[in-house]
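We will go stop by stop.

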Amino acid sequence: MTTKYVLDESRIPTSWVNLMADLPGEPLPPLNPGTGQPAGPEDLTPIFPMGLIEQEVSTESEVEIPDEVREIYKLWRPTPLIRAHRLERELDTPAHIYYKYEGVSPAGSHKPNSAVAQAYYNKEAGIRKLVTETGAGQWGSALSLACRMFGLECEVFMVGVSYDQKPYRRAMIETWGGSVHRSPTDLTDAGRSQASHPTGSLGIAISEAVEVAAKSDDTNYALGSVLNHVCLHQTVIGQESIAAMEMAGEYPDVVVGCVGGGSNFAGLIYPFVRANLRQGKTTRFLGAEPAACPTLTRGTYAYDFGDTVGMTPLMPMYTLGHDFVPAPLHAGGLRYHGDAPSLCALVKEGIVEATAVAQTAAFEAAVRFASCEGIIPGPEPAHAIKATIDEALAAKEAGEERVILLGLSGHGHFDMAAYAAYHAGELEDLEFSEAEMQDALDRLPEAPSIA
Ligand SMILES: Cc1ncc(COP(=O)(O)O)c(C=O)c1O
């Protein structure tokens, strides 16, 4: 009985999968917030290098991975695909559950898959420093690691509540040479304008980082999710999953992942979505988001800013409103008002399903998973574990040998304060305020209706 399916290093993908080439219809373009016209590469050059801008707008179905990036991927890739035999037994389900574990990367999550690529293209463009935001600290630590590998400086604006909850993530950022601020700061106009939200949010931290990058020629901005090029880089996860599942002689009926800005889920499913579109496969895709920040299940499909203050191009996405500040849940990486436009388009088309999971239910599922499989999951993938367990129980109910693939995007070793709160019975299900969302939606920017 095999438990772990590990591909050889030579099987690290040689190109990233660009789903944009296969999506039905013309994608809605991002808009320049000033003119309302489609945003072109020139809107992005102040903060991104051309190599990444080309990927952002590419319609090629594959983009070659530079050798320098693949060499660094070898430090942890291919990541293992693991059959959750013990969880299956615990649930007494006929379902076959597999998980693709991205927690083996040096930073403990999928985030370095894009961080290394982004640092590479910025280094190639002669950039000296990268500035970014981080929610739970996963992206900030991944970018700090990647910058160190390419000799770049790294400055991180960390969402206030996570800065307080996760001091060891800060220490990781510093260990790899990056510097880190508690956002909102008084270092930027954006931060000063949001001083009344001391918990911070990803939207606020993005505004701060973009402002710093836009003001300096040798400094660029790096985003850890949402954009096409970030989802593109993460497709190494799905491609390896297809190859490893082949080793197991199986193909998933359903693929489940958590959704913050959408990058790990996109990276996991896009190669499978392409197989549905091209080869007539019928895999289902299920994204799990927090009930306290339910972008895909309760948000409005509209053009909105990617950040709180309104500095980014307008993107077509499900949104809770760019200045909606989500409750301070422990899955800090899922506290984002919007989602990747490409993923939102798939939800809108009915190709991808979404479900909202309450925080305590996510932790209950995570503890159950840890007691069977050993790995202590990050609070973000804990949401996907809850959805996976529900799928496995539904398969039992239906008497089906359903094959489920779960994206386990990272470990929770720096989230033990949240686990401690859960064990002490102090973890709460945070309220989602429909009224606050409506209030924020009243401030959506002027743009063509796409609902
Ligand atoms: C472990 C982990 N999973 C998931 C996410 C959510 O981001 P995304 O939806 O872009 O994968 C994060 C973000 O910080 C994370 O750290």
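Axes here are lines fitted to C-alpha atoms, for helices over the stretch in contact, and angles run from 0 to 180 degrees between N-to-C directions. Helices (H or I, at least four residues) and strands (E, at least two) are DSSP runs, numbered from the N terminus. This is a predicted model: local features need pLDDT of at least 70, side-chain atom pairs count only at pLDDT 80 or more, and totals for chains, interfaces and linings use all residues. Residues are numbered from 1 along each chain as its sequence is written.

**Stop 1: a helix pair.** Select residues 359–373, helix 16, and then helix 17. Their axes lie 8 Å apart, at an angle of about 80°. That makes the two helices roughly perpendicular (65 to 115 degrees). Now show the contact residues (C-beta atoms, placed from the backbone, within 7 Å). Helix 16 brings A361, A362, F363, A365, A366 and F369. Helix 17 answers with P379, A382, H383, I385, K386 and I389.

**Stop 2: the ligand.** Select the 21 residues around the ligand (C-beta atom, placed from the backbone, within 6 Å). Q138, S225, G260, G333 and G410 come nearest. Helix 6 (138–150), helix 13 (263–279) and helix 17 (379–398) each give two or more residues to this shell. Which helix supplies the largest share? Helix 13 does, with three residues.

**Stop 3: the whole chain.** Zoom out to 19 helices and 15 strands. The C-alpha trace spans about 55 × 50 × 45 Å along its principal axes.

Technical notes:
Angles under 35 degrees count as roughly parallel, over 145 as roughly antiparallel, 65 to 115 as roughly perpendicular and the rest as oblique. Two residues are in contact if their C-beta atoms, placed from the backbone, lie within 7 Å.
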